[in-house]
Structures are given as C-alpha cells and as structure tokens.
Amino acid sequence: MEHGDWMFFGGGYMWLLWVLIIAVIVILLTRLTGNNNSGSSVSKMEETPLVILKKRFAQGEIDEDEFKRRSRELEK
C-alpha cells in the first residue's frame, strides 16, 4: 500500500468507521428492545382477548358461531 492508502484507513476517513459502528449498534438495540413503530393503533401489550377474537373473525380464521360462542365465554 502506498502512503495515501494508509490515510484512508487510519486517518482521514476514520470518522466514517465510527459512524457506521454507532449506526449498527443503534439498529441492533432498537430491534432487540422491540421499539418498532409498526403503525398499528393497538400495541401487542394492549390487545385484549376480545380484540384478538375480533381480528380472527375479521380475517376469517373463525366463523360467526365460533365468534359468538367465544365472545360469550369472555364476557363471563
């Protein structure tokens, strides 16, 4: 390597390496802590059993009779 090549890796652009390292750390921490804004109005922690049941009915996973039966059970 020539002297100019060493300047790229060791001096002038070293700040770029640190910026990339910090960016990777921030991305990893964000994903690991689950701080993602998926745009849903109800977070996973706020989903009640009735909300989940309504979603399943809306998606066609359960039929109307099953929905009514389970809704009655949840109201007890």
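This is a predicted model: local features need pLDDT of at least 70, side-chain atom pairs count only at pLDDT 80 or more; totals for chains, interfaces and linings use all residues.

Modeller: Happy to! A search of the whole structure finds six salt bridges; the term means a side-chain nitrogen of Lys or Arg within 4 Å of a carboxyl oxygen of Asp or Glu. Side chains of opposite charge can pair when their charged atoms come close.

Residues are numbered from 1 along each chain as its sequence is written, and side-chain values use heavy atoms, leaving out hydrogens and water.

Let's begin with glutamate 66, which forms a salt bridge with arginine 69, their closest N and O atoms being 2.8 Å apart. Glutamate 66 also forms a salt bridge with arginine 70, and here the closest N and O atoms are 2.4 Å apart. Glu66, Arg69 and Arg70 are therefore linked in a network of salt bridges. How are these residues placed along helix α4? Glutamate 66 and arginine 70 are four residues apart in that helix, about one turn. Glutamate 66 and arginine 69 are separated by about one helical turn because they are three residues apart in α4. Helices here are DSSP runs of H or I with at least four residues, strands are runs of E with at least two, and both are numbered from the N terminus.

Buried means under 20% relative accessible area, exposed means over 50%, and partly exposed lies in between (1.4 Å probe, protein chains only).

Another salt bridge joins lysine 55 and glutamate 47, with the closest N and O atoms 2.5 Å apart. Lysine 55 counts as partly exposed at 36% relative accessibility, whereas glutamate 47 counts as buried at 18%.

Now for the surroundings of helix α4. Two packed helices are described by the angle between their axes and the distance between the axes. The axes of helix α3 (residues 49–58) and helix α4 (residues 64–75) come within 10 Å and cross at roughly 175°. That makes α3 roughly antiparallel to α4, since angles over 145 degrees count as roughly antiparallel, under 35 as roughly parallel, 65 to 115 as roughly perpendicular and the rest as oblique. The axes are lines fitted to C-alpha atoms, for helices over the stretch in contact, and the angles run from 0 to 180 degrees between N-to-C directions.

Where the two helices meet, Pro49, Leu50, Leu53, Lys54, Arg56 and Phe57 in α3 face Glu64, Phe67, Arg70, Ser71 and Leu74 in α4 through contacts, meaning heavy atoms within 4.5 Å. Arg70 thus has a place both in this meeting of helices and in the salt-bridge network. Serine 71, also found in helix α4, is buried with a relative accessible area of 10%. Leaving aside its neighbours within four places in sequence, serine 71 is in contact with Leu50 and Leu53.

Finally, the whole chain: there are four helices and zero strands, and buried residues make up 7% of its 76 residues.
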